[in-house]
Amino acid sequence: MRISAPRKAVIGATLGTLLLTGISTATAQAAPAEYRVAVVQAPAVKNVYVNTLAAASCKINTITLTRTSMCMDVGARVDLLKNGKPVGSATFDIKHSMTLKTSKLKWTESFTVGKAKLVNAGGIRINLSVGGGKGVKTAVKFPQGSTLGAAHKGTIGYAATVGKKKQLTSPASYRFTFTKPGYTTGGFTYNSGKYRCDDTFWGPKKRTKNPGCVFPSASPVFSLSRSDAKVKQSANHILDAQRKIAGHPGASTPLHRITNEKTISAHRKAMCAKVRNPDPKKYDCDEYPFAASKEGGNPARGSTRIISAGDNRSAGARLGGFYKAQRVLNGDAYYVGIK
């Protein structure tokens, strides 16, 4: 799609079609020829979420996110126009790979401006600046002013600053500009997936996990195994409950963490207050969905079972560890997988 543009550079919305316009240096006596470089958008980029510990893999015009990795591949075409008529073109893609750290506030991204297919389109130079959002500093290493044609690689360093018990959420914003003698400078801007950095895991007196960052829109999976002797009763109960409850909460649809202790206690009471426990020293009332989830506390859409107290508390400790490891905050979605 080609869109006419004003004489000044236009910076479009995320991955939008943008134009780089210019005017020839013809003599004052004659009307100048109009030269334009039109940067043509590829199809709209879509987000894909993958529940895996492996790094995200790239697909063209797609942002693929896991909890800690992003792969984005963006297609682009540059058309050279003279008086509105095409006289040349360059097609290429820009591939990004970002990896976050769940216990650090610094991370890196690599990217490649791919080899361009040129048709009468030499001499177009490319530059890049990157914003990380409020509280995030960036450092770009890229051969600025490189000519489109051969592939060019670069890296971006990120360093976030977040206050005690605070969080920040932002995408990276990439601004590419293109220059060519006789043309005014213009370019386009698009965003990465949104990352979130926080320092919210604190006990009464000290931090229980170092601050770090994740992609919060990618929902992690909490896993238990029925063959694990320490948690097999919990695992069997969860699997049976997921199969029984309409919508299969935690399996087909996610659970959402809550952290308000009064609400959690109310959920637990609603589920277990009337359940007979033959020996509270040996057994616990296990509820699913978890009391510490938005979906918990509803007997009409929940399940209870008397299980070993040791088993129940081992599973609960692992759930707490999962929240920390994956930086699952209040309101975050996650799944529960039983092997």
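Arginine 327 is buried, with a relative accessible area of 0%; buried means under 20% relative accessible area, exposed over 50%, and partly exposed in between (1.4 Å probe, protein chains only). This arginine sits in the loop between α3 and β22. Helices (H or I, at least four residues) and strands (E, at least two) are DSSP runs, numbered from the N terminus. Phi of arginine 327 is near 50°, a positive value in a residue other than glycine. The structure is a predicted model, in which local features need pLDDT of at least 70 and side-chain atom pairs count only at pLDDT 80 or more, while totals for chains, interfaces and linings use all residues. Residues are numbered from 1 along each chain as its sequence is written, and side-chain values use heavy atoms, with hydrogens and water left out.

Confidence comes next. pLDDT is the predictor's confidence in each residue, from 0 to 100. The chain has a mean pLDDT of 86, and 83% of its residues reach 70 or more. Over residues 1–29, pLDDT stays under 50. For that stretch the model has 82 contacts beyond four places in sequence, a contact being heavy atoms within 4.5 Å. Where pLDDT is low, the predicted coordinates should not be read in detail.

Side chains of opposite charge can pair when their charged atoms come close. A salt bridge is a side-chain nitrogen of Lys or Arg within 4 Å of a carboxyl oxygen of Asp or Glu. By this rule there are seven salt bridges. In one of them, aspartate 198 pairs with arginine 327, and the closest N and O atoms are 2.7 Å apart. Aspartate 198 lies in strand β16 (residues 195–198) and arginine 327 in the loop between α3 and β22, so the pair ties together parts that are 129 residues apart in sequence. Aspartate 198 also counts as buried, at 0% relative accessibility.

The loop between α3 and β22 also holds aspartate 332. Its salt-bridge partner is arginine 67, with the closest N and O atoms 3.0 Å apart. Arginine 67 lies in the loop between β4 (62–65) and β5 (69–82), so this pair ties together parts that are 265 residues apart in sequence. Both aspartate 332 and arginine 67 are buried.

A further salt bridge joins arginine 313 and aspartate 284 (2.9 Å, N to O). Arginine 313 is in helix α3 and aspartate 284 in strand β20 (residues 283–288), 29 residues apart. Shared partners join Arg67, Arg196 and Asp332 into one network of salt bridges.

Strand β22 belongs to an open sheet of three strands, in the order β18-β22-β19, with mixed pairing. Two strands pair if DSSP finds at least two bridges between them. β18 (221–224) and β19 (255–256) stand at the edges with a single partner strand each, so one side of each has no neighbour in the sheet. β19 and β22 (residues 333–338) run antiparallel and are joined by two bridges. Leucine 255 has tyrosine 334 as its bridge partner in β22.

Most residues other than glycine have a negative phi, and most peptide bonds are trans. Lysine 165 has a positive phi, near 60°. Lysine 165 lies in the loop between β12 (152–160) and β13 (167–170) and is exposed, at 51% relative accessibility. A cis peptide bond joins tyrosine 288 and proline 289, with omega about -5°. Proline 289 lies in the loop between β20 and β21 (303–308).
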